[in-house]
Amino acid sequence: MLAECGIGETVTHRTLIIPGMVARLSGRIEELSGWRVLVGPQESSALPSYLRRLPPAAFLPVHA
C-alpha cells in the first residue's frame, strides 16, 4: 500500500506509526515495506503526546 499510494515520493523519511492495537503486525510491515515501523499508542487521543516524546531522529530523511 505504501508503494502504491506514492507516499514515499512525498515524505523524506521512511517511518510509519501504527496503532498499539496492531503492534504484532509491525515486524511484517517492516519486512514488506522496508520502512521503519513505530508502535504508537492504542488510543488516537494519546497521539499528540506520543509524537512530542519521539526523538528528532525518528524522522530523519532517507539518504539516497
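Modeller: Two residues are in contact when heavy atoms of theirs lie within 4.5 Å. Of the contacts in the protein between residues at least 6 apart in sequence, 30% join residues at least 24 apart. The model is predicted, and local features need pLDDT of at least 70, side-chain atom pairs count only at pLDDT 80 or more, while totals for chains, interfaces and linings use all residues. Residues are numbered from 1 along each chain as its sequence is written, and side-chain values use heavy atoms, with hydrogens and water left out.

The setting comes before the part itself. The protein has four helices and two strands, where helices (H or I, at least four residues) and strands (E, at least two) are DSSP runs numbered from the N terminus. Along the sequence they follow the pattern α-α-β-α-β-α. The C-alpha trace spans about 30 × 25 × 20 Å along its principal axes.

The part to look at is the unit of β1, helix α3 and β2, a right-handed β-α-β unit. Right-handed means that, with the strands pointing away from the viewer, the path from the first strand over the helix to the second runs clockwise. Strand β1 covers residues 15-18 and β2 covers residues 36-39, and the two pair in the parallel sense over four bridges; pairing requires that DSSP finds at least two bridges between the strands.

Met-21 counts as exposed because its relative accessibility is 62%; the cut-offs are under 20% relative accessible area for buried, over 50% for exposed and partly exposed in between (1.4 Å probe, protein chains only). Together with Val-22 and Leu-25, Met-21 makes a nonpolar surface patch of about 270 Å². Such patches consist of residues with over 30% relative accessible area and no salt bridge, with like charges joined within 9 Å and nonpolar side chains (Val, Leu, Ile, Met, Phe, Trp, Tyr) within 5 Å. Accessible areas come from the Shrake-Rupley method with a 1.4 Å probe, and for residues only the protein chains shown count as cover.

Helix α3 spans residues 26-33. Arg-28 forms a salt bridge with Glu-31, with 3.3 Å between the closest N and O atoms; the term needs a side-chain nitrogen of Lys or Arg within 4 Å of a carboxyl oxygen of Asp or Glu. Both residues lie in α3, three residues apart, which is about one turn of the helix. Arg-28 is partly exposed, at 49% relative accessibility, and Glu-31 is exposed, at 61%. A search of the whole structure finds one salt bridge.
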